[in-house]
Each structure stands twice: as structure tokens, then as C-alpha cells.
Amino acid sequence: MELLKSIFNCIDSNECLIIKENEKWITDRKKAKLLDRILRENDINNRGNCGIYVSKDSPVIPLFVEATLRYYAFVAFVFEKEKFIIAPSDHMDIFIFYEKHDVYSKIKECIEQYNHEKHIFEITQRS
């Protein structure tokens with residue numbers, strides 16, 4: 001989670017679009033009670049076809065990340081201005097799509113800094 005937070009912080013835009021990559025926002029509501037409550041309070045149907053705009057510092061982002069890593073939500077975080085998408089997975093992979101080269105440089109720097117402290121991530125780039 002800390003690595004994702006670090007990556008989000010290196011993105012210039014504050015606006016993040018969360019999109020679901022599954023039929024439902026939450027596949028197991030019992031395991032994601034707080035996230036489920038937040039969606040309900042904001043009139044977001046679990047099967048609804050919508051995206052959720054939040055600030056990159058929104059408390060809902062860590063909830064979605066945790067739910068994704070625990071396999072009861074499947075989402076991607078989109079920063080439209082940067083043309084940047086980040087999608088964590090339950091397999092501990094983090095898929096990143098970008099179009100602008102300067103975004104790659106920023107992300108690489110964040111990951112290298114994190115690795116300097118934790119020594120666990122590897123960057124694989126595909127074109």
C-alpha cells in the first residue's frame with residue numbers, strides 16, 4: 001500500500017477516476033463492510049456502471065486497494081490528465097499503463113526509492 005501511495009503522490013493531477021474491472025464493485029460485501037457502506041451512502045449500486053471520481057488522497061482509495069489485494073474488489077485507478085492507469089492485483093502485481101515518458105520517469109524514481117528502503121519490487125517494461 002505504501003508503494004502505491006508513493007506512486008500516487010508523484011502524479012501531478014489530484015483527480016483520480018476509479019473504475020471497476022468486474023461485474024460488481026465488491027465481490028464479498030461481508031469482507032469489505034466499510035467500503036460497502038461508503039458506496040451505499042453515496043448511492044453507488046454494487047452492479048452499477050459508473051466510475052468514481054475522488055481526490056488521490058481520498059480515504060476510499062486505500063480501501064479499494066486493500067479489497068483488490070484481498071481478492072474482493074477489482075479496480076483500476078485512472079489519472080486522465082497524465083494518461084496514466086494503475087491497477088493492483090491480488091497476485092501482488094501492479095499493472096501500470098502510461099503514454100507520457102515523463103510519467104515513466106516519475107514512477108521509476110518512486111519505485112527505486114521504495115526499493116532502496118524495502119528491496120522488494122522489480123520494474124518490467126513492455127512496449
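Predicted model: local features only at pLDDT ≥ 70, side-chain atom pairs only at ≥ 80, totals over all residues.
**Ground rules.** I number residues from 1 along each chain as its sequence is written.

**Entry: aromatic rings.** I searched the whole structure and found 5 aromatic pairs. Rings of Phe, Tyr and Trp (its six-membered ring) pair if their centres lie within 6.5 Å; planes under 30 degrees apart are stacked, over 60 edge-to-face, and the rest tilted. I looked at Trp25 and Phe64: their ring centres are 5.6 Å apart and their planes stand at 50 degrees, so this pair is tilted. Trp25 lies in the loop between β1 (15–20) and α2 (33–41), and Phe64 in helix α3 (residues 60–69), so the pair ties together parts 39 residues apart in sequence. Helices (H or I, at least four residues) and strands (E, at least two) are DSSP runs, numbered from the N terminus.

Are Trp25 and Phe64 buried or exposed? Both are buried. Buried means under 20% relative accessible area, exposed over 50%, and partly exposed in between (1.4 Å probe, protein chains only). Next I checked Tyr71 and Phe74, an edge-to-face pair with 5.1 Å centre to centre and 85 degrees between the planes. Phe74 has 21% relative accessibility, so I list Phe74 as partly exposed. I also noted a cluster: ring pairs link Phe8, Phe77, Phe79 and Phe84.

**Entry: the core.** A nonpolar core is a set of buried Ala, Val, Leu, Ile, Met, Phe, Trp, Tyr and Cys residues joined through side-chain atoms within 4.5 Å. The largest one has 33 residues, and Ile18, Trp25, Phe64 and Phe77 touch the most other members. I looked up contacts of Ile18 (heavy atoms within 4.5 Å). Leaving aside neighbours within four places in sequence, Ile18 contacts, among others, Trp25, Val54, Phe64 and Phe77.

**Entry: Ser13.** Ser13 sits in the loop between α1 and β1. Its relative accessibility is 10%, so Ser13 counts as buried. Not counting residues up to four places away in sequence, Ser13 touches Lys56, Phe79, Lys81 and Glu82.

**Entry: helix α3.** Which residues of α3 are buried? They are Val60, Ile61, Phe64, Val65, Ala67 and Thr68. These cover an arc of only 165 degrees around the axis, so they lie on the same side of α3. The arc is that of the directions from the helix axis to the C-beta atoms. Just after α3, Tyr71 takes a positive phi of about 75 degrees.

How values were computed
Heavy atoms only, no water.
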